[in-house]
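Please keep the chain in view as you go through the points.

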Amino acid sequence: MPTPNPRHPNFPIPGGNEVRARGWRQEALLRLLENVLSVGEDPENLVVYAALGKAARNWASHEAIVHALKTMDDDHTLVIQSGKPIGLLKTHAKAPLVIMANCNIVGQWAKAEVFYELERKGLICWGGLTAGAWQYIGSQGVIQGTYEIFMRIAANRFGGDLAGRFILTAGLGGMGGAQPLAGRMAGAAILCVDIDPERARKRKEIGYLEEVAPDLDTALAMIETAVSEKRATSIGLVGNAAEIYPEIARRGITPDIVTDQTSAHDLVYGYVPLGYALDEVRALRQTNPAELMAASRASIVEHVKAMLEFQRRGAEVFDNGNLIRTQAKEGGVENAFDIRIFTEAYLRPLFARAVGPFRWMASSGDPEDIRKIDDKLLEMFPDNQIVTNWIRLAREHVPFEGLPARIAWLGHGERTELALAVNEMVRSGELAGPVTFSRDHLDAGAMAHPNIMTERMKDGSDAIADWPILDAMLLCSSMADLVVVHSGGGGYAGYMTSAGVTVVADGTDEGAERLAHSLTNDTSLGVMRYADAGYAESFDEIARKGIGHIALA
Ligand code: NAD
């Protein structure tokens, strides 16, 4: 039985043991599609997150996808182009059930303006990273990633502890809304600015924000008290970051850590420029996008100049993957890239070993399934501190949204081991239903994104998109259930390409085969990608784990 969804009553959370499709593989994928809408920001418009990241092109496409998933046999493959189903073809039972290509535009044309035009004509839609591939698990994924970044900064700069530290950030949207919880879990006092009072209200309602301050003076006083008491807290403030950041700098206050997660990647549908009311911005999106683009860029220039000023005074400042530096540089801030990207600054040694954001969802909708897998994970990897620490914290602080799910940063071999153990738990009936495994697209072999994932690679291979394309082909060859190639849309057009994968642990021998091949080969490619770029950690991993890398003489 689906569970009622108070946040979006028309989009119940899937679950139960009724199989509406011809098998659990198809049913599990259908539940993922239902799930991304149930946890999405604006499901009535099929938007999951990041202003334009959609689960399907339009409602007609959505209905046709649902129909295909419900009626397709095991030996067919559903072909989806930018959220629109194109065909249902006879393949074979070991082939993927669904393959997708979302928002891939030929190089010279891959620009925001072209994307908007194609979108207006209904020819394309952007899948974000996990929205279009139905892999989004709500805020948990980004909570874990943000928490991991904060803890790496704690280890690098603050003696392993963020108690008594002030984090300044902005953006309380679909992804950015995770920041206050991640900051509080890391022990800091975090101030989160958002221009939209509705977003702040929502984050307070679900307990991610402790308080929403009525004005900047009050917000800073609350932070100051928490810092002096070394008390973790999360405070929201409604305002424009392009005004608030410079004002905090002007007052001579320097936070310990500064970042930003407004939708700066999208100057039309995302970022809200200074001096414009929200309603005005919504209207201008239709009537004068060029004015909005110019105004957003001008505001981002002020926003980033303040971030650079904080950095000059000694704050730890980083770009959290929203292209804010890129927009500022185009607006004339020559040194915008003095701010480092989080991947290169904190996470690259993990990615070089293909340790990354792996996750799983309980198709049954039963939270007990995830708890049992948590226990299994702790039993299997007791010495993996990143994992054990996270599971303990997530159990305490992170409520389930939509289908119960868990993320954990696991690497080569570990992912396969866990998935096979879970497949056995499904087979034995220990779990109430099948479990779907996927990962973020921000993963070692899966993403080329020269301003985020692959910035300043050792060998300069930042912009080469062969890797995600190879990854997707390898995953099709490895019997994954769903495989996708995404490129950037909106402001990300021309900035990235990534591959996504989902495999269903349905408790069968075939399921075990699919999991073993897909998950092992996915991380093998990830380690090899970093070895190819010259990372020592990758060569070590290849030697230790016997990965089939070909090293040229
Ligand atoms: P979203 O559109 O759901 O939310 C963006 C928020 O920013 C909104 O609440 C909006 O009101 C607010 N905002 C816009 N302009 C503002 C301004 N000038 N001042 C204050 N607030 C402003 O987007 P999201 O899903 O939360 O994602 C945010 C950004 O982070 C996107 O660019 C997304 O692509 C990026 N992102 C990166 C990673 C990563 O690589 N680490 C992960 C997730 C999201």
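1. A salt bridge here is a side-chain nitrogen of Lys or Arg within 4 Å of a carboxyl oxygen of Asp or Glu. Side chains of opposite charge can pair when their charged atoms come close.

2. Before going further, a word on the basis: this is a predicted model, in which local features need pLDDT of at least 70 and side-chain atom pairs count only at pLDDT 80 or more, while totals for chains, interfaces and linings use all residues. Residues are numbered from 1 along each chain as its sequence is written, and side-chain values use heavy atoms, with hydrogens and water left out.

3. Where does the chain divide? Domain 1 takes in 1–136 + 357–389 + 411–499, and domain 2 is 140–338; these bounds come from an automatic or database domain assignment. Taken over C-alpha atoms, the two centres are 28 Å apart.

4. How much area is buried between domain 1 and domain 2? The figure is about 1,800 Å², with carbon and sulfur atoms giving 52%. Buried area means the accessible area (1.4 Å probe) that two parts lose on being put together, summed over both. On the domain 1 side, E41, Y116 and Y492 supply 26% of the area buried against domain 2, more than any other three residues.

5. In contact terms (heavy atoms within 4.5 Å), 23 residues of domain 1 meet 25 residues of domain 2. Between the two domains there are 4 salt bridges, whereas the whole structure has 50.

6. Which element gives the largest share of the domain 1 side that touches domain 2? Helices α3 (112–120) and α14 (385–397) are the elements giving two or more residues to that side, and α3 has the largest share, with 4 residues. Helices here are DSSP runs (H or I, at least four residues) and strands likewise (E, at least two), numbered from the N terminus.

7. In the model, residues 16–134 are 31% helix and 19% strand, residues 138–346 are 49% helix and 13% strand, and residues 349–542 are 45% helix and 18% strand.
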